[in-house]
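This briefing is meant for a reader who is meeting the structure for the first time.

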Amino acid sequence: MATPKEMMSTWDKIQFGAILPSFENPEKKLKSKFNSFNYKVADWRVEKPVFNRELCIDCDFCWVSCPDSCFLVEEVENKRGKKQAKIVGINYDLCKGCGVCVDVCPTPIKSLLMFPEFTEIDEALNQWPTKDNK
Amino acid sequence: MAEKYQLKSKEVWDGNMAASHALRQAQVDVVAAYPITPSTPIVQNYAQFLADGYIDGEFVMVESEHSAMSACVGAAAAGGRVATATSSQGYALMVEVLYQASGMRLPIVMTVVNRALASPLNIHGDHGDLYLGRDAGWIHLIANNPQEAYDITLCAFKIAEDQRVRLPVTTNQDGFLVSHTAQVVEPLQDEDAYKFIGEYKSLNPMLDTKNPQTYGAQTEEEWHFEFKATQHKALMESTSVIDEVFAAYEKLTGRRYSRVETYKLEDAEIALVLMGSAYETAMVAVDKAREEGIKVGLLMPRTFRPFPYNEVAEKLKNIKAIAALDRSAPMGAMGALFNEVSGALLANGQSAIMTNYIYGLGGRDTTAEHILEVIKETDKNKEAKKRVTDLQGFINLRGPKLSFN
Amino acid sequence: MKNIGNLKEFACTPDRFQGGHRLCPGCAHGMIVREVVNATEDDLVISTATGCLEVCTAIYPYTSWDVSWLHIGFENAAAGISGAEAMYKALSRKNRSYNEDKKVKFVAFGGDGGTYDIGFQSLSGATERGHDFLYVCLDNEGYMNTGGQRSSSTPIGAHTTTSPRGRVSYGEKNRKKDLTMIMAAHGCPYVATAVPGSKHWKDLAQKAAKALSTVGPTFINALSPCTTEWKFKPQDTVEIADLAVETCMFPLYEIEDGHKLTITYKPKQKLPVEEYLSRQGRFSHLFKPENSWVIEEIQKEVDRYWEYLQRKEEAGV
């Protein structure tokens with residue numbers, strides 16, 4: 001997707017009335033280049049949340065508390081055939097590193113923790129506290 | 001389906017009634033309005049049409065003019081035909097939203113019944129409100145009598161909604177002198193009027209919720225200038241559409257409108273430039289002056305915005321002395337018409353002896369005698385080949401002569 | 001009305017409010033807006049007053065809205081949405097709807113500045129006229145978009161840049177305007193308070209769903225803790241919101257038809273207001289001995305109001 005710099009254009013090519021379409025293809029819900037979903041706020045972060053799938057109970061507290069719509073959700077069926085959300089990751093383009101998700105995470109050993117921005121995910125998971133050391 | 005209104009080929013309407021019928025015939029989808037003298041009857045008439053089954057659009061009686069124009073913006077962005085009416089203080093309260101409407105390129109039509117701006121409070125006609133909205137990015141059309149108020153309002157919809165324009169339009173008429181003065185008006189039948197304007201053509205409607213649009217984004221120094229420039233371009237280039245619409249209207253009704261109206265200007269040596277009901281008074285004065293051998297003509301920009309610079313200069317190219325008559329307190333400068341006309345002439349390498357007269361503030365009467373006086377003064381300048389009268393004078397102001405040079 | 005169900009189901013709702021907006025990290029606005037737009041399956045047309053939400057979600061050339069959205073000015077979100085709603089009615093009547101198969105719901109968002117203060121007239125007008133819309137106030141108790149000036153929603157004792165603490169000042173001198181009750185007094189079919197976050201998520205989502213399925217003007221006053229100007233760490237937003245509820249500084253309730261009040265959450269044990277105040281920099285000066293009376297006053301007022309709500313609920317009038 002185009003960056004704002006690339007989208008900078010001349011007066012004869014700008015959007016009519018500054019009106020922005022959300023979708024390039026509304027039928028297929030294909031997001032337009034004007035959709036902020038394509039804007040990156042990753043450089044706002046000093047620390048990033050790392051998600052540990054192993055410990056997650058899919059309470060979805062992080063999903064509902066995230067102000068930036070960052071949590072990647074997969075729709076799965078539970079044992080009774082009811083659809084439910086499974087957290088599968090974090091969109092790091094949209095995450096500003098506020099840490100609310102970590103704060104609301106209720107598992108005994110948190111399944112979300114903050115790490116310095118440049119920590120590799122694997123490294124972070126290796127450093128995860130255990131029961132005796134949380 | 002709304003009832004058809006039985007209209008005679010000739011009706012006796014005041015300017016407000018004429019505008020009300022034009023709104024009704026345009027089958028406006030949403031009218032959001034707030035009453036204010038002297039445009040109140042438009043809102044009342046419209047409410048009565050609704051009560052009698054002649055309207056099937058929505059009529060939203062809001063709690064202020066600010067909300068009136070805001071609701072108009074919301075309605076127009078939603079995707080349909082929108083109109084309102086106001087005057088003076090109400091117009092002043094709307095000003096913030098006028099800029100929003102034009103910036104979002106929303107084709108709203110507003111009848112402005114021109115009235116003075118307080119303080120001191122005054123309910124009568126002058127062009128203070130029209131001048132206030134000058135830079136708001138709207139097309140401003142001028143009507144001098146009830147027939148014109150009717151005709152110009154119908155044209156306004158067609159101009160505003162044209163996909164090449166998509167700008168809001170005001171149609172202006174003088175408070176009381178036009179709005180409350182009943183004259184013979186020849187209306188179109190409902191179906192002919194609607195056919196002339198045509199169905200509303202939508203562009204990026206919010207109500208097409210399958211294809212959502214964001215209206216009213218923020219643009220800072222990186223983008224704002226480009227938007228304002230394109231908006232200005234649309235306004236400048238609306239002239240060709242205005243010409244087309246006026247030509248189509250002439251074909252339908254035989255009544256001819258131009259972006260620049262003139263009266264006996266062809267062989268004139270001096271000219272008066274003015275807008276509004278006083279233009280008709282000035283016609284009487286011109287006829288009298290011509291009886292006395294003064295070759296004088298009149299010019300009026302029918303479109304105050306976009307201001308017809310080149311056409312004005314062209315029409316005035318043989319004129320030796322010009323008096324521009326402004327019906328608005330100039331407050332620290334020459335009147336707007338004086339400035340625009342002077343600029344138009346200079347830009348085209350022309351010159352004439354220019355003077356400015358302020359008249360009719362707060363509904364002060366301006367008679368043919370007063371204007372004849374102006375014609376004679378202007379003629380003196382022509383004879384002397386230089387300005388021998390005051391640069392800026394005041395017509396029918398009580399007390400010692402007030403002038404600026 | 002959308003059945004909110006449990007959070008596992010609710011989280012399957014595809015977001016119609018996208019990230020990549022420029023709200024501060026940890027801003028409660030994002031949480032509230034996401035829940036509201038996810039609380040209905042109908043299409044939405046939204047207007048937003050000038051303020052944090054507006055400036056951060058529609059910075060050209062980006063929009064965070066996957067629904068139709070309009071910003072006009074600071075004081076006219078309600079007037080703007082009333083116009084859009086009127087157009088919907090007009091076009092439906094004239095058989096010119098854009099999408100006949102889809103219901104459209106109308107929502108306005110405003111901060112407390114755009115709602116309690118400068119936009120109050122247009123909100124009151126649109127409400128009185130009975131337009132079918134939901135107005136959500138994102139109440140962060142001040143003009144936070146412009147650097148934290150006071151509004152009529154700023155609570156007594158709070159430091160803002162225009163009601164600053166100082167050698168002879170304890171901050172804001174006036175009590176917070178009770179806008180929720182004022183909106184109820186309009187006779188709205190539905191009025192409620194809400195907070196963001198995982199603890200009370202269902203309270204908010206259900207209230208939004210209920211409001212959106214109610215015909216006529218509805219109003220939700222959502223407390224939106226402001227990390228930047230209330231001075232707390234971004235990760236604490238939800239905790240602060242929860243403390244506002246647990247101390248009864250911001251009780252959760254709803255009012256139907258202008259009078260029928262139901263408290264939707266009652267703390268097991270009401271916490272002292274210090275628990276809430278002490279977590280925010282904007283109240284830190286109140287913990288100086290000379291200002292202790294202000295905290296006492298706040299507590300007294302909170303107790304009185306909590307008592308009032310409970311009695312009103314019991315009375316059922």
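In helix 6 of chain C, which spans residues 120-128, the buried residues are S122(C), L123(C), G125(C), A126(C) and T127(C). The model is a predicted one, and the points below are grouped by topic.

**Helix 6 of chain C and its surroundings**

- The cover over the buried residues of helix 6 of chain C includes an element of another chain, helix 3 (65-78) of chain B, along with helix 4 (77-93), helix 5 (112-117), strand 4 (134-139), helix 7 (179-185) and strand 8 (218-223) of chain C.
- With one of these elements, helix 4 of chain C, the axis of helix 6 of chain C crosses at roughly 35°, and the two axes come within 7 Å.
- On the side of helix 4 of chain C this contact is made by A77(C), A78(C), A79(C) and S82(C), while helix 6 of chain C contributes S122(C), L123(C) and A126(C).
- Sorted by class, the residues of the contact between helix 4 and helix 6 of chain C are five nonpolar and two polar, with no charged residues.
- After helix 6 of chain C comes G130(C), which has a positive phi, near 75°.

- An open sheet of ten strands, with mixed pairing, runs in the order 1(A)-9(B)-2(C)-1(C)-3(C)-4(C)-8(C)-7(C)-9(C)-10(C).
- Its edge strands are strand 1 (20-21) of chain A and strand 10 (260-263) of chain C, each of which pairs on one side only.
- Within chain C, strand 7 (residues 190-194) and strand 9 (residues 253-256) are antiparallel partners, joined over three bridges.
- In strand 9 of chain C, E254(C) is the residue that stands opposite A192(C).

**Helix 2 against helix 8 in chain C**

- Helix 2 (residues 28-38) and helix 8 (residues 201-213) of chain C pack with their axes 8 Å apart, at an angle of about 45°, and these two helices of chain C are therefore oblique to each other.
- The crossing of helix 2 and helix 8 of chain C is right-handed.
- The contact is formed by I32(C), E35(C) and V36(C) from helix 2 of chain C, and by W201(C), L204(C), A205(C), A208(C) and L212(C) from helix 8 of chain C.
- By class, the contact of helix 2 with helix 8 of chain C has seven nonpolar residues, no polar ones and one charged.

- Most residues other than glycine have a negative phi, and most peptide bonds are trans.
- In chain B, T37(B) and P38(B) are joined by a cis peptide bond with omega about 0°, and P38(B) is placed in the loop between strand 2 (30-33) and helix 2 (40-51) of chain B.
- A cis peptide bond also leads from A118(B) to S119(B), with omega near 10°, and S119(B) belongs to the loop between strand 5 (109-114) and helix 5 (128-132) of chain B.
- K264(B) is not a glycine, yet its phi is positive, about 50°, and its place is the loop between strand 10 (260-263) and strand 11 (270-273) of chain B.
- The relative accessible area of K264(B) is 33%, so K264(B) is partly exposed.
- E141(C), which is not a glycine either, has a positive phi of about 60° and lies in the loop between strand 4 and strand 5 (165-166) of chain C.
- E141(C) has a relative accessible area of 5% and is therefore buried.

Methods:
Residues are numbered from 1 along each chain as its sequence is written. Chains are lettered from A and ligands numbered from 1 in the order in which they are written. This is a predicted model: local features need pLDDT of at least 70, side-chain atom pairs count only at pLDDT 80 or more; totals for chains, interfaces and linings use all residues. Side-chain values use heavy atoms; hydrogens and water are left out. Buried means under 20% relative accessible area, exposed over 50%, partly exposed in between (1.4 Å probe, protein chains only). Helices (H or I, at least four residues) and strands (E, at least two) are DSSP runs, numbered from the N terminus. Contact means heavy atoms within 4.5 Å. Two strands pair if DSSP finds at least two bridges between them. Axes are lines fitted to C-alpha atoms, for helices over the stretch in contact, and angles run from 0 to 180 degrees between N-to-C directions. Angles under 35 degrees count as roughly parallel, over 145 as roughly antiparallel, 65 to 115 as roughly perpendicular and the rest as oblique. A crossing is left-handed if the near helix is turned anticlockwise from the far one by less than a right angle, and right-handed if clockwise. Ala, Val, Leu, Ile, Met, Phe, Trp, Tyr, Cys and Pro count as nonpolar, Asp, Glu, Lys and Arg as charged, and the others, Gly among them, as polar.
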